[in-house]
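Dear colleague,

Please find below the structure that I am handing over to you. My notes on it follow, and I would be grateful if you read them alongside the model.

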Amino acid sequence: MQVQVKTSNALKGSAENSKLKTFLSSEFIYNYKRSPTAIIGSIITIVVLLTALIGPFFTVQNPYDMSTIDLSDAYKPPAWIEGGDSNFILGTDQQGRDILSAIVYGSRISLIIGVAGTLFASIIGITLGLVSGYFGGRVDALIMRMADIQLSFPTMLIALFLMTFFGRGIGNILIALCLVGWVRYARTVRGETLTVKKKEYIEATRVIGLPNFKIISKHVLPNVFTSIIVLSTIQVGSFILTEATLSFLGLGVPVTRPSLGMLCNNGFKVLYSGLWWVSIFPGLYIMLIVFGINLLGDFLRDELNPKLK
Amino acid sequence: MEKILSVNNLEQKFDLNRGILDKIKFRNGRFIKEERIVNAVNDISFDIKQREVFSLVGESGCGKSTTARTIIKLIEPKGGTVKFKGNNITNISGNEMLKYRKKMQMIFQDPYASLNPRQKVIDILVEPMLFHKVANNLQEAREKALDILEKVGLRPEQATRYPHQFSGGQRQRIGIARALAVEPEFIIADEPVSALDVSIQAQILNLLMELKDEFNFSYLFIAHDLSVVKHISDNLGVMYLGKIVEKGSKEHIFNNSLHPYTKALFSAIPRLSGTNLRKSKGIEGEIPSPISLPSGCFFHERCPYMKPICREVMPEEKEVEKDHFVLCHLY
Amino acid sequence: MNKLLEVKGLKTYFHTFKGTVKAVDNVSFDIHEGEILGVVGESGGGKSVTGFSVIRLIDEPGQIESGEIIFNGTNLLKKSESEMNKVRGKEISMVFQDPMTSLNPVYTIGEQMDEVLLLHEKLNKHERRNRCIELLKDVGISNPESRLKNYPHQFSGGMRQRVVIAIALAANPKLIIADEPTTALDVTIQSQILKLMKKLVEEHGVALMLITHDLAVVSEMADRINVMYCGKIVESGYTREIIENYTHPYTEGLLNSIPDIDKDKSKLNTIPGIVPNMFDLPKGCNFSPRCKNCQDICLEKEPKLTEIGENHYVSCHFPLRKEAN
């Protein structure tokens, strides 16, 4: 018994120790350190995430809390322009809201929608893709024709249609994003599944007699996961943009919870009366977020996608 | 000796047209319905006795791997019967098949594709053990797995590594270990050494033979390399275009080969003596497409001894001497 | 006979994140005009990299570190890339392992052959077409006129390899480097291709560097053999000499581990262990961890390639059957 425990402990211990070590000395990390795009991309992404996470503790106002907003602060330009206030570095809008604070709070909403939308869309898409690719036949035909039909419409058109139908709201946006986003997952995962399915290690599990559910979840899914990660990074960026567009058009988040797109919309009304900062800064911030995420996504795609190697 | 496996009139076909729409083709101004069926295995029969190594040998596209996959029911047979220890397993359901799955296992060709890259070696072995209840709990399964790894020549500390940390030969050892995990009686080895370097190939062949002596396995060995087949088998069948053209004991085939295709195979092998290619005539042409099979004997287009009848009639299997069968009009 | 190619002290290293792989380490050999040189060894032996180094087709992270490759009196390593392009395909051409991927699927074989002729020969359109037909006939393809218009996928594997050989011969090269040309083919097709290559080499007076893992193929084809292990030549000599009077334990091991169809062996003799990690080669002789005659000196000092018979070189401290010489 003693010996048994020892062997199993030895198995466990050595595995955990070596995992981090092998990861740190892996080719992935080696290439990461030599890729300026990857480093810039991850720095931007980390800064953006940190800002959204802890930024609200440092802002001068809470833009959702009317009591912290003073109408007399309205129409202040950015601090470096004459008439600016050093409290409001990026200026204020027509209601006296600090643009910087609004951006920090708005980016939270944008990021949450981007990440959660990706998560839900991926769960639906991955499941359908796995089923479609593994079983083939009629199920496959049905799912893929559904995908084809959906892809024959512009994504934005479907999203707009859904949002007019559902009405504003974060939950509704997530549903809309899921409904437009699953297709890419389903198609990618199906393609990968078809490749993996032909591998001899899948045949080996069938020779053993494992049930299909186990084969799919334990043997197929882990082997298509890298392409899911790559797709997800890019998807987060594109969902943030979709949400921004919807909100800009007034079909997205409710007015009480302004996302970055909503802020742009706000400022758009006063853009021609000289208050350019209200709209431009949130817009630039969206660009920065998506740029950072896409840089990271590009690196991951080059590194993790075995087909490109 | 008792038969462990008997295959009778086995057939396997694949329809290349996936739907009805694929079948309709536009040719010369008309729509025609075109069937594109690959006749991979055409009516073959053989028996494997207990503790025997039976080999199927032939060139690529002759249907030997398809035969193996049909026997182990990775693909459903289109005709004929497969009996395992007297039980007909041809058309039984997946659940009924489970108890036979435990008894028959497979070793694959490509050591780089046959192991799940995301699974540790120990998990590759433990999973089938627990599934088939060869071990009662994880602890016992791990103990057994380490034992098996030692038998195939791997060290216990290598058990927690992932497949990519091993060389081709070591991976093939892991593949063999996985087949052993459920304690089978019959193993199908599909070209287990053809992807390996010669020095490693010899190690794996020796290992397979040692394991056979230790566990009393029977093997169905699929190979294209006649010298490997000669080394390992007791009986063998030579396949050409989905047919067994000659079958018999090792002595029959290697000392008294009768079928013109078998002879052609022998004359094509490069030898260390360095004189074979210069002397031999070899055969012309290449294997015809299994989609449109030739009429008569499948080999007649390449056969140096072709007679008029060969073009018309498929020869019957003839027992030329005891247990030595040939499919040829010459005999 | 004149030396066509002389390689001296060639070193090709790959600098990767795990360290440096000495894929070819201080290799010297030569090929005479019209000669077939077989290069054998297992995967990782450096035989393919040697072949690619000769025509300088080494990609990042690989690099030819030092050495001389003297072809027809000039050092190829001193040539510029554009000068090298005139050598590749014209003076030295290559036949690759996989006939399925070495032809471009979107061009007809006629166009692909034409391209080589256009680049290296001064012929008009009509002459080029005739030359293509002649070449296809040479490699045993029937109806060459109509086959010129076919795409690679319309050929079987064996036929494709014939086309690849025809393309290799197109510009009348002096040397063909064939990297495992028959490994992907079936035995009956392999024997057809090998016979064809032998015939063409004799007819055209081309030299052939035949890289393969199969000792039997080499003994059927080659005049001389280089046996490579871990980036070094361990034994080199005339074919019969290597097969019958081998002196390096690795050569012996390779020969013994082949199941010989002409002999009955109950158990194969194997070389124990595996090819060492190329990032971490043993000190001393690379073969020492697997060698049954390993002595103390083998673990310390790397053996030098020394001549032990006529044109028979071995790199071993304790060559087998030393007494015979």
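Which residues of α4(A) meet which residues of α9(A)? This is a predicted model, in which local features need pLDDT of at least 70 and side-chain atom pairs count only at pLDDT 80 or more, while totals for chains, interfaces and linings use all residues. Residues are numbered from 1 along each chain as its sequence is written, and chains are lettered from A and ligands numbered from 1 in the order in which they are written.

On the side of α4(A), the residues are Ser110(A), Ile113(A), Gly114(A), Val115(A), Gly117(A), Thr118(A), Ser122(A), Ile126(A), Leu130(A) and Tyr134(A). They meet Ile216(A), Val220(A), Leu221(A), Ile228(A), Ser232(A), Gln235(A), Val236(A), Phe239(A), Ile240(A), Glu243(A) and Ala244(A) in α9(A). Contact here requires C-beta atoms, placed from the backbone, within 7 Å. The residues of this contact divide into 13 nonpolar, 7 polar and 1 charged (Ala, Val, Leu, Ile, Met, Phe, Trp, Tyr, Cys and Pro count as nonpolar, Asp, Glu, Lys and Arg as charged, and the others, Gly among them, as polar). Helices (H or I, at least four residues) and strands (E, at least two) are DSSP runs, numbered from the N terminus. The two helices pack at an angle of about 140°, with their axes 8 Å apart (axes are lines fitted to C-alpha atoms, for helices over the stretch in contact, and angles run from 0 to 180 degrees between N-to-C directions).

The largest nonpolar core has 253 residues. Such a core is a set of buried Ala, Val, Leu, Ile, Met, Phe, Trp, Tyr and Cys residues joined through C-beta atoms within 7 Å; a residue is buried if 20 or more other C-beta atoms lie within 10 Å of its own, exposed if 12 or fewer, and partly exposed in between. Among the residues with the most contacts inside the core are Leu125(B) and Ala166(C). Leaving aside neighbours within four places in sequence, Ala166(C) is in contact with Met113(C), Leu135(C), Leu136(C), Asp138(C) and Val139(C).

Two further helices are mostly covered. In α4(B) (residues 121–131), 8 of the 11 residues are buried, including Leu125(B) and Glu127(B). Just after α4(B), Lys133(B) takes a positive phi of about 55°. In α10(C) (residues 249–257), 7 of the 9 residues are buried, and these pack against α7 of chain B together with α8, β9, β10 and α9 of chain C.

Chain B also holds an open sheet of 4 strands in the order β4-β1-β6-β7, with antiparallel pairing (two strands pair if DSSP finds at least two bridges between them). β4 and β7 stand at the edges, each with a single partner strand, so one side of each is left without a neighbour in the sheet. β1(B) and β6(B) pair over 5 bridges, and Asn8(B) stands opposite Thr81(B) in β6(B).

Phe46(B) is found in β4(B) and is partly exposed, with 19 other C-beta atoms within 10 Å. Phe46(B) and Leu5(B) are 41 residues apart in sequence and 8.4 Å apart in space, C-alpha to C-alpha.

Finally, β2(B) and β3(B) form a hairpin with 2 residues between them, and Asn28(B) in the turn has a positive phi of about 50°. These strands pair in the antiparallel sense over 4 bridges, with Arg30(B) as the bridge partner of Arg27(B).

With kind regards

Definitions and conventions: Two residues are in contact if their C-beta atoms, placed from the backbone, lie within 7 Å.
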